[in-house]
Amino acid sequence: MFGSKRRFDIKSYPGFLPVTLLCLVILYAPLLVVTVYSFNASKSITIWEGMSLRWYVDVFVGPESEKFKVAAWNSFVIAIIAASVATTVATLAATGMIRAGKFKLRGLSFGLISLPLMVPEIVTAVATLIFFNAIAFERGLMTILLAHTAFCIPFAYLPISARMQGIEDSYEQAALDLYATKRQAFTKILLPLMAPGIISGFLLAFIVSLDDFIITNFVKGAGVETLPTAIFGAVKQGIKPNIMAISTMLLAVSIVMVTVSYFVSKSDNTK
Amino acid sequence: MNQDNIAINVQRAVKRYGTFTALKEISLSIYDNEFFTLLGPSGCGKTTLLRMIAGFEDVTEGAIQLFGQEIETLPPNKRPVNTVFQNYALFPHMSILDNVAFGLEMLGRSKSEARAKAGEMLELVQLSQFAKRKPSQLSGGQQQRVALARALAPQPKVLLLDEPLSALDLKLRKAMQIELKHLQRETGITFIFVTHDQEEALTMSDRIAVMSAGELQQLGSPRDIYEAPRNMFVADFIGETNLLEVSVDDIQNGRATCHLGGGHELTCNEVQGIGVGAKVHMSLRPERLFISEAAKETASLRGKVVENIFVGTDISTIVDLADGPNFIVRTSNSDRGNKRIFEPGSDVFVNMELGAARLLVD
């Protein structure tokens, strides 16, 4: 660490600075513009007329507030329930896959859990819609919840299983050796050690659910909206600054989640 | 060690993984209050046997009894034995005190009682001042002692130790060997210790079971194993030795006269099961040999000194026997006044007392 740090210093490569700046601008300039203009006093989305919170007030009490409130409520309820159920299923799946020793079809099981991550979302959306139609399941909030729960599982599974693979078998064996039952070994030793992975998994699933548009748009019933579909609906009638205010708030929620997730995964309690 | 009371009785225990046999019909008895060591190279089945006693591996065939009670079908948490794991496996999210109290709490003791007892255990291993710390804040040697305290706290009938010293550096390992031995005497608990380090086994054990390829090679006191190895594997694995192929020419009055070709002859004690005409191996410990200018009656091994190697406490002299193999002779540096060191190229005889050479059954 001391000797090699100068020789391979990436900052000395030609073009490092411009490429870095370009990437940062492409990634963050749009977000920055939306955030700044959400505080604009003007009705226009491009002309700055001074600092104001009017669009935030508009989101909560304006003519469209009722629609957005219902949509936001739907989004958060669905995200919380879907992420909770998906995290539970993923935790059990990871326990089975990693703790139950080798079993037949283990490779296949892993593939089946991870595959949905690679299937184009539009295909999943169409398939889910056809499935609900085929079993004559009436579309509404429930269809969104079921679909979200299902597609959140692989997202929750990844951090949980990664975490679990880092936990050696000997902790559990030590617990059993010290007279704990299997259940006690799981709840008192394994679960606390897995907690960072489980929390990360939950947060990831939550964000994925909160943010989902394509599948939701396909399986939602008429008149049922989540925040993304409501925003999309509003944008179709022209972009108003209140959309930027909502987007900024969503962005804030994401930043909080990601930050929490980062600190949780950094607190490695096995070392 | 109490020979009337058998702590662990392993009867014809077999362990198979699919078609691979890790343990081939092992039978042995471990006495109450004994420091017993399972010694062997990696893959010999010693850890498998330990894990079978702990309950982490099931027994394919045979039986294991703990003070007369069949335990081979009990889950690990129903067996009154505790394990010190190779990597210690201290619960990283718990304090040192909670780690040590864990077993007692799981046994149903109240939290305060378990903690009080855990505090005593920490005192025993001299770590009371670290009770509130997390395992990661302790050094390797300290973690090792916590693991020991944790395993001893529920007062198991037998303590199982799976190569617990292998991660420590040499000095600390030596200190821990003595501490372990003291702890075993103080607590009176039967220790079953697994190691691949023969020196460690010799230092600490009341008895040693030498294992190789899933089989028990020899069971005996450290002295038995070292001085009267039963076979080539044991002679070679324990300590340094000269292994020779010899023919037994004559046996009289309990003494066997053997030759090894090239006109070299030597006499040693008879070993049961080896008769006249047998072609067997012989083990000669280098420290029991000495070099002189003339032949003695027990041996006539003529050769030339090749090299003297200084190894701290001893000098190793390599002697090339005329028409024979190379010999290693060790001379203690404390004896230097009495024994001559011959320069390379000197013509010498390798000599020994009767009993220094040991015939090996197989």
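**Exercise 1. A salt bridge in chain B**

In this predicted model, the side chains of Arg16(B) and Glu61(B) meet in a salt bridge, with 2.9 Å from N to O. Work out which parts of chain B this pair ties together, and decide whether Arg16(B) is buried, partly exposed or exposed.

*Solution.* 

Step 1. Check the distance. A salt bridge needs a side-chain nitrogen of Lys or Arg within 4 Å of a carboxyl oxygen of Asp or Glu. The N to O distance of Arg16(B) and Glu61(B) is 2.9 Å.

Step 2. Arg16(B) belongs to strand β1 (residues 2-17) and Glu61(B) to strand β4 (residues 61-66), so the bridge ties together parts of chain B that are 45 residues apart in sequence.

Step 3. Look at accessibility. Partly exposed covers the range between buried, under 20% relative accessible area, and exposed, over 50%. Arg16(B) has 36% relative accessibility and therefore counts as partly exposed. Glu61(B) is partly exposed as well, with a relative accessible area of 36%.

**Exercise 2. Further salt bridges**

How many salt bridges does a search of the whole structure find over all chains? Describe the bridges of Arg51(B) with Glu57(B) and of Asp98(B) with Arg115(B).

*Solution.* 

Step 1. Over all chains, the search finds 21 salt bridges.

Step 2. Arg51(B) and Glu57(B) form a salt bridge of 3.3 Å, N to O. Both residues are buried. They also take part in a network of salt bridges that links Lys15(B), Arg51(B), Glu57(B) and Asp58(B).

Step 3. Between Asp98(B) and Arg115(B) the N to O distance is 2.7 Å. This pair links distant parts of the chain: Asp98(B) is in helix α2 (residues 96-106) of chain B and Arg115(B) in helix α3 (residues 111-124), 17 residues apart. Arg115(B) has 33% relative accessibility and so counts as partly exposed.

**Exercise 3. Aromatic rings in chain A**

How many aromatic pairs are found over all chains? Classify the pair Phe76(A) and Phe206(A) as stacked, tilted or edge-to-face, then treat Phe110(A) and Tyr157(A) in the same way.

*Solution.* 

Step 1. The search of the whole structure gives 14 aromatic pairs.

Step 2. The ring centres of Phe76(A) and Phe206(A) are 6.1 Å apart and the planes stand at 50°, so the pair is tilted. The cut-offs are under 30 degrees for stacked and over 60 for edge-to-face.

Step 3. Phe76(A) lies in helix α3 (residues 65-99) and Phe206(A) in helix α8 (residues 182-211), so the pair ties together parts of chain A that are 130 residues apart in sequence. Phe76(A) is partly exposed at 29% relative accessibility, whereas Phe206(A) is buried with a relative accessible area of 4%.

Step 4. Phe110(A) and Tyr157(A) are 6.2 Å apart, centre to centre, with 55° between the planes, and this pair is tilted. Phe110(A) is in helix α4 (residues 106-114) and Tyr157(A) in helix α6 (residues 141-165), so parts of chain A that are 47 residues apart in sequence are tied together. Phe110(A) is partly exposed, at 41% relative accessible area, while Tyr157(A) is buried, at 2%.

Step 5. Ring pairs also link Phe76(A), Phe202(A) and Phe206(A) into a cluster.

**Exercise 4. Charges over rings**

Over which ring does the charged end of Lys67(A) sit, and over the face of which residue does Arg150(B) lie?

*Solution.* 

Step 1. Lys67(A) has its charged end over the ring of Phe68(A), 5.5 Å from the centre.

Step 2. Arg150(B) lies over the face of Phe91(B), 4.6 Å from the ring centre.

**Exercise 5. The interface**

*Solution.* 

Step 1. The contact takes 26 residues from chain B and 20 residues from chain A.

Step 2. The two chains bury about 2,000 Å² between them, with 65% of it on carbon and sulfur atoms. Asn77(B), His93(B) and Met106(B) lose the most area on the chain B side, together 29% of what that side buries.

Step 3. On the side of chain B that touches chain A, α1 (46-54), β6 (81-84) and α2 each supply at least two residues.

Notes. Residues numbered from 1 in each chain as written. Chains lettered and ligands numbered in written order. Predicted model: local features only at pLDDT ≥ 70, side-chain atom pairs only at ≥ 80, totals over all residues. Heavy atoms only, no water. Helix = DSSP H or I, 4+ residues; strand = E, 2+ residues; numbered from the N terminus. Buried < 20%, exposed > 50% of the residue type's maximum accessible area, 1.4 Å probe, protein only. Phe/Tyr/Trp six-rings, centres within 6.5 Å; stacked < 30°, edge-to-face > 60°. Lys NZ or Arg CZ within 6 Å of the ring centre and 35° of its normal. Contact = heavy atoms within 4.5 Å. Buried area = accessible area lost by both parts, 1.4 Å probe.
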